[in-house]
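Me: I am new to this structure and would like to learn how to read it. Please take the features one at a time, with the general idea before the case.

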Amino acid sequence: VQLQASGGGLVQAGGSLRLSCAASTPIFNAYHMRWFRQAPGNQRELVASISNSDNVNYADSVKGRFTISRDNAKNMVYLQMNSLKPEETAVYYCNAKYDTYEYWGRGTLVTVSS
């Protein structure tokens with residue numbers, strides 16, 4: 001499975017971005033999809049997840065500001081990010097997990113200026 005994330009960029013604090021991730025698999029609807037991020041010098045952290053039955057979960061730090069969604073017809077997963085903070089500057093990675101299989105995309109850089 002190949003994952004291609006896009007939508008990152010430079011945004012001012014308080015602004016919004018929408019990340020997209022395209023997955024190359026005919027069984028996309030079977031995968032649990034997740035967004036992680038990794039800031040310089042920090043460990044990679046889970047930001048949001050959406051299961052293959054559309055159950056969603058968020059890190060406490062993004063609840064109420066970020067929304068994860070998926071479009072199984074297009075093999076896409078999205079992360080709508082609102083009210084962004086400078087400390088959320090990071091590379092954001094798309095992740096797909098199914099059974100014992102797990103795949104990572106190359107990431108997209110989000111820079112939030114103060």
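This is a predicted model: local features need pLDDT of at least 70, side-chain atom pairs count only at pLDDT 80 or more; totals for chains, interfaces and linings use all residues.

Me: What is a strand here, and when do two strands pair?

Reply: Strands (E, at least two residues) are DSSP runs, numbered from the N terminus. Two strands pair if DSSP finds at least two bridges between them. In this model, seven bridges join β4 to strand β9 (residues 90–98) in the antiparallel sense.

Me: Which other strand does β4 pair with?

Reply: Strand β5 (residues 45–50) is also antiparallel to β4, with five bridges. Within that pairing, Met33 stands opposite Ile50 in β5. β4 and β5 form a hairpin with six residues between them, and Gly41 in the turn has a positive phi of about 80°.

Me: Is β4 mostly covered or uncovered?

Reply: Burial is read from relative accessible area: buried means under 20%, exposed over 50%, and partly exposed in between (1.4 Å probe, protein chains only). Strand β4 (residues 32–38) is mostly covered, with five of its seven residues buried.

Me: What is the order of the strands in the open sheet?

Reply: The open sheet has four strands in the order β1-β3-β8-β7, with antiparallel pairing. β1 (2–6) and β7 (66–71) are at the edges and have a single partner strand each, so one side of each is left without a neighbour in the sheet.

Me: How many bridges join β7 to β8?

Reply: Six bridges join β7 to strand β8 (residues 76–81), and the two run antiparallel. Thr67 stands opposite Gln80 in β8.

Me: Is Phe66 buried or exposed, and what is it in contact with?

Reply: Phe66 lies in strand β7. Phe66 has a relative accessible area of 3%, so this residue is buried. Contact means heavy atoms within 4.5 Å. Leaving aside neighbours within four places in sequence, the contacts of Phe66 include Arg37, Val47, Tyr58, Leu79 and Glu88. For a distance along the chain, take Phe66 and Glu102: they are 36 residues apart, and their C-alpha atoms are separated by 23 Å.

Me: How many salt bridges does the structure hold?

Reply: A salt bridge is a side-chain nitrogen of Lys or Arg within 4 Å of a carboxyl oxygen of Asp or Glu. The structure holds five salt bridges. One of them joins Arg37 and Glu88, whose closest N and O atoms are 3.3 Å apart. This pair links distant parts of the chain, with Arg37 in strand β4 and Glu88 in the loop between β8 and β9, 51 residues apart. Both Arg37 and Glu88 are buried.

Me: Where is Arg65, and which residue does its side chain meet in a salt bridge?

Reply: The side chain of Arg65 meets that of Glu88 at 2.4 Å, N to O. Here too the pair links distant parts of the chain: Arg65 is in the loop between β6 (56–58) and β7, 23 residues from Glu88. Arg37, Glu45, Arg65 and Glu88 are linked in a network of salt bridges. Glu88 has 3% relative accessibility and therefore counts as buried. Not counting residues up to four places away in sequence, Glu88 touches Ser61, Val62, Ser83, Val110 and Val112, among others.

Me: Is Asp60 buried or exposed?

Reply: Asp60 is exposed, with a relative accessible area of 64%. Asp60 forms a salt bridge with Lys63, the closest N and O atoms being 3.1 Å apart.

Me: Where is Thr25, and what does it touch?

Reply: Thr25 lies in the loop between β3 (17–24) and β4. At 7% relative accessibility, Thr25 counts as buried. Apart from residues up to four places away in sequence, Thr25 touches Val1, Tyr31 and Asn75.

Technical notes:
Residues are numbered from 1 along each chain as its sequence is written. Side-chain values use heavy atoms; hydrogens and water are left out.
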